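Visitor: I would like to learn how to read a protein structure. Could you walk me through one?

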Amino acid sequence: MRILIDVDGVLGDWQRSYLTLYRELGGRKPRSWAWKRFRSHEDLPDFKQLDPHIWRSRSLFEDLEVYPGVRPALYRLNQKHSVYFATALPPEHHKVRDKWFEENFPFIYRQRQVIYSNAKWILKADVHIEDQPQRLAPWLAKNPEGRGYLVNHLWNRSKHYEDMLNSAGEGRWERVNSFTEAAEAL
Ligand SMILES: [Mg+2]
């Protein structure tokens, strides 16, 4: 089976990296009541001013923490299936991401398995594991035989996203709590 895996928010805790940088750059915390409703980095009080600086920082991707359980799960999956990674990072961060793969997943053949593109829908696969409904939906539409796993985050649980995914491929996608949960099903 050919499996296409997204990186940020699926293998690594992108939101944590983002918040760390946001605080380092002097970003204000949301009020305590707002924390309870905090869904996405776009809700942060200084999002607009700091977002461009955060994106330019190497450490946003350099210090990306691998979620618990991902390494052994990915190792197993990689032995059993044809695994590819599709990551939509802008070109200035590709070297950092290569190094991140080398350090965290040395068993990956980067030149073959890591694909840098945000046009993920052109990549044919049996399964796609993704955290962004806006990316999974076009992939489902262009891969009518494919199945999708959407990794749960607070920000991607909404009726709008459910509808978007259902209209692209109803019955061909499901939510999972983590990459590890998807890997166990494959
Ligand atoms: Mg992602």
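This is a predicted model: local features need pLDDT of at least 70, side-chain atom pairs count only at pLDDT 80 or more; totals for chains, interfaces and linings use all residues.

Visitor: Which residues have the most contacts inside the largest nonpolar core?

Guide: The general idea is that nonpolar side chains tend to be buried together in soluble globular proteins. Here the largest core has 28 residues, and those with the most contacts inside it are Ile5, Val10, Ile129, Leu136, Leu140, Leu165 and Phe179. At least two core residues come from each of strands E1, E2 and E5 and helices H5, H8, H9 and H10. Another core, of eight residues, lies apart from it and includes Tyr22, Leu44, Leu60 and Leu64.

Visitor: What is isoleucine 5 in contact with, leaving aside its neighbours within four places in sequence?

Guide: Its partners are Val10, Leu11, Val83, Phe85 and Ile129. Across the chain, take the contacts between residues at least 6 apart in sequence: 69% of them join residues at least 24 apart.

Visitor: How should I look at a helix such as H5, and which of its residues are buried?

Guide: Start with the turn: an α-helix has 3.6 residues a turn, so residues three or four places apart point the same way. In H5, the buried residues are Val70, Ala73, Leu74 and Leu77. They line one face of the helix, because they fall within an arc of 95° when seen down the axis of H5. Pro72 and Gln79 are exposed, on the face turned away from that buried side. E1, E2 and H10 are among the elements that cover the buried residues of H5.

Visitor: Now for the whole chain: how many helices and strands are there?

Guide: The chain has ten helices and six strands. Of its 186 residues, 29% count as buried. A compact globule with 186 residues would have a radius of gyration near 16 Å, so the 17 Å of this chain agrees with that. Along the principal axes, the C-alpha trace spans about 45 × 40 × 30 Å.

Visitor: Which stretches make up domain 1 and domain 2?

Guide: The domain assignment gives 2–13 + 66–184 as domain 1 and 14–62 as domain 2. Their centres, taken over C-alpha atoms, are 23 Å apart. Where the domains touch, eleven residues of domain 1 are in contact with nine of domain 2. On the domain 1 side, the touching residues divide into five nonpolar, three polar and three charged.

Notes:
Residues are numbered from 1 along each chain as its sequence is written. Helices (H or I, at least four residues) and strands (E, at least two) are DSSP runs, numbered from the N terminus. The radius of gyration is taken over C-alpha atoms; the globule rule is 2.2 Å times the number of residues to the power 0.38. A residue is buried if 20 or more other C-beta atoms lie within 10 Å of its own, exposed if 12 or fewer, and partly exposed in between; C-beta atoms are placed from the backbone. Two residues are in contact if their C-beta atoms, placed from the backbone, lie within 7 Å. A nonpolar core is a set of buried Ala, Val, Leu, Ile, Met, Phe, Trp, Tyr and Cys residues joined through C-beta atoms within 7 Å. The arc is that of the directions from the helix axis to the C-beta atoms. Domain bounds come from an automatic or database domain assignment. Ala, Val, Leu, Ile, Met, Phe, Trp, Tyr, Cys and Pro count as nonpolar, Asp, Glu, Lys and Arg as charged, and the others, Gly among them, as polar.
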